[in-house]
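Here's a quick briefing for anyone meeting this model for the first time. Have a look at the structure, then read on.

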Amino acid sequence: MNIKLLVISKTDISYIQQGMEEYCKRLKHYVNFEVDVIPALKDQKGASPNEIKEREALLLLKKLQGADRIVLLDEHGKEHTSVGFSQYLQKQMNAGVRNLVFVVGGAFGFAPSVYAAAHDKISLSQMTFNHQMVRLFFIEQLYRAFTILHNEPYHNE
């Protein structure tokens with residue numbers, strides 16, 4: 001299986017970038033994983049949140065393939081425990097999903113067209129995190145899920 005994290009705008013906070021790099025390196029042991037960054041929109045001055053979401057949607061949807069299983073990281077999505085998330089991943093693998101794409105939206109979330117293209121929505125928490133921190137939290141949870149699936153001692157329960 002290939003797993004991709006598709007995000008809007010680069011991470012400019014060094015400690016988040018370092019954490020992401022560390023967990024990406026660890027994940028390579030388990031799965032083909034990549035982070036695909038869509039550059040931030042230019043000329044946002046005066047644009048409404050809906051206009052920004054629509055412009056971001058065009059960029060996001062261009063990156064998606066017909067065979068991709070699309071999962072939005074969204075505050076209204078289903079919450080999982082770490083073990084539950086590992087079981088979700090196992091179900092995707094058992095179903096023969098080849099490309100699993102997790103998507104982090106911009107500051108205003110997703111346009112309706114992105115919701116329509118998605119197969120699932122997952123929430124990392126009932127709390128709101130900025131879109132840069134979500135990347136690190138998600139990648140760590142992805143790593144944790146694979147250690148759970150391989151019965152390795154990273155996760156304590």
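Ser9 is buried, with a relative accessible area of 12% (buried means under 20%, exposed over 50%, partly exposed in between, using a 1.4 Å probe and protein chains only). Keep in mind that this is a predicted model, where local features need pLDDT of at least 70, side-chain atom pairs count only at pLDDT 80 or more, and totals for chains, interfaces and linings use all residues. Residues are numbered from 1 along each chain as its sequence is written, and side-chain values use heavy atoms, with hydrogens and water left out.

**Two loop residues**
- Ser9 sits in the loop between S1 and helix H1 (14-27) (helices are DSSP runs of H or I with at least four residues, strands are runs of E with at least two, numbered from the N terminus).
- Ser9 isn't a glycine, yet its phi is positive, about 70°.
- Asp43, also not a glycine, has a positive phi of about 55°.
- You'll find Asp43 in the loop between S2 and H2, and at 71% relative accessibility it's exposed.

**The sheet**
- Five strands make an open sheet, ordered S2-S1-S4-S3-S5, with parallel pairing (two strands pair if DSSP finds at least two bridges between them).
- S2 (32-38) and S5 (120-123) are at the edges with a single partner strand each, so one side of each has no neighbour in the sheet.
- S3 (residues 69-79) and S5 run parallel, joined by five bridges.
- Leu73 has Ile122 in S5 as its bridge partner.

**A helix on the sheet**
- Helix H5 (residues 131-149) packs on the sheet, touching S1, S2, S3 and S4 (contact means heavy atoms within 4.5 Å).

Methods
Axes are lines fitted to C-alpha atoms, for helices over the stretch in contact, and angles run from 0 to 180 degrees between N-to-C directions.
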